[in-house]
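Take a look at the protein below.

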Amino acid sequence: MIGNECEQWNRRYSTEDWFFGHSPNQFLVEQIQQLCPSPKARILSLGEGEGRDALWLARQGFQVTAIDGSEVGLQKLNRVAKQENLVIETIHRDLANYEPMKGQFEFVLSFFCHLKPVLRSVVHHRAAQALKPNGYLILQAFAPGQRQENLSSGGPKDITMLYDTACLEQDFAKYLEIIVLEERKVTIDCGRHQGKAIITFFVGKLT
């Protein structure tokens, strides 16, 4: 997120309810349980927002770093973390200006973190480099079909900010072994995002 986009998310997160709900992303839960049954990993979450995924991970015992351009979203995350005595590192910064240290994380996450194509490729390159050997990158995003079928369950209006399998293969194939890469029509129940959606799923491993 950059500039006005950060302010837009600040406004969305400024209500008492949680824009994406409190429950963690189910694809995240499934993949973590499959790939890392022992909660010892360091995890970086890009575009974490209000913190539903970071909080769930911290409750399992993972070491979580959450970055987002919305100060309001991170304040909500930190408030809950303090109430529950959870330790979560939060970083308030635009992803355009954030470069994580190389080889520091067992997992990097990107859930519905939609970026313009040029910035997307840069952020994805940095995300892959942040992984330790045998680390995993897990991503989920709205696909272009979301706009093509005029579905109302969420996602940017700008179709160039939606991710298909081709753009993710282009971004990651040179760095990661691709384990999951597919587009599916699913039903989502995610706070204010409800109903049928066309989603791209990705899991890659640094070998």
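The paragraphs that follow go from the sheet to the salt bridges, and then to the pockets and the cavity.

First, some ground rules. This is a predicted model: local features need pLDDT of at least 70, side-chain atom pairs count only at pLDDT 80 or more, and totals for chains, interfaces and linings use all residues. Residues are numbered from 1 along each chain as its sequence is written, and side-chain values use heavy atoms, with hydrogens and water left out.

Start with the sheet. Helices (H or I, at least four residues) and strands (E, at least two) are DSSP runs, numbered from the N terminus. Two strands pair if DSSP finds at least two bridges between them. Strands of a sheet pair through backbone hydrogen bonds, either parallel or antiparallel. Here, seven strands make an open sheet with mixed pairing. Read across, their order is β3-β2-β1-β4-β5-β7-β6. Which strands sit at the edges? They are β3 (88-92) and β6, and each pairs on one side only. Ignoring direction, neighbouring strands of this sheet are turned by 15° against each other on average. That angle is taken between axes, which are lines fitted to C-alpha atoms (for helices, over the stretch in contact); angles run from 0 to 180 degrees between N-to-C directions.

Now look at single pairs of strands. β1 and β2 (residues 63-68) pair in the parallel sense, over five bridges. Leu44 stands opposite Thr65 in β2. Then move to β7 (residues 193-205). It runs antiparallel to β5 (residues 131-142), and seven bridges join the two. Find Leu137: its bridge partner in β7 is Gly204. β7 also runs antiparallel to β6 (residues 177-190), with 13 bridges between them. There, Glu183 stands opposite Thr200 in β7. In a regular strand the side chains alternate between the two faces of the sheet.

Next come the charged pairs. A salt bridge is a side-chain nitrogen of Lys or Arg within 4 Å of a carboxyl oxygen of Asp or Glu. How many salt bridges does the structure hold? It holds seven. One of them joins Glu50 and Lys76, whose closest N and O atoms are 2.7 Å apart. Glu50 is in the loop between β1 and α3, while Lys76 is in helix α4 (residues 71-83). The pair links distant parts of the chain, 26 residues apart. Are these two residues buried or exposed? Both Glu50 and Lys76 are buried. Buried means under 20% relative accessible area, exposed means over 50%, and partly exposed is in between (1.4 Å probe, protein chains only).

Lys185 and Glu149 meet in another salt bridge, at 2.8 Å from N to O. Lys185 lies in strand β6 and Glu149 in the loop between α6 (145-148) and α7 (165-172), so this pair ties together parts that are 36 residues apart in sequence. Glu149 has 43% relative accessibility, so it counts as partly exposed. Glu182 forms a salt bridge with Arg184, with the closest N and O atoms 2.5 Å apart. Glu182 counts as partly exposed because its relative accessibility is 31%. Arg184 counts as partly exposed too, at 34%.

A cavity is a set of points where a 1.4 Å probe fits but cannot get out. A pocket is an open set with protein on both sides within 12 Å along at least five of seven lines. Lining residues have an atom within 4 Å of a point. Grid points are joined across faces, edges and corners, and a volume is the space filled by probe spheres set on the points.

The largest pocket holds about 700 Å³ of space. Of its 37 lining residues, Trp9, Arg12, Phe20, Phe112 and His114 are the closest to its centre. Helix α1 gives the largest share of the lining, five residues.

The second largest pocket has a volume of about 360 Å³. Of its 20 lining residues, the closest to the centre are Asn25, Gln26, Phe27, Ile188 and Asp189. The largest share, six residues, comes from β6.

The search also finds one cavity of 30 Å³ or more. About 40 Å³ of space lies in this largest cavity. Helix α5 (residues 117-129) gives the most to its lining, three residues.
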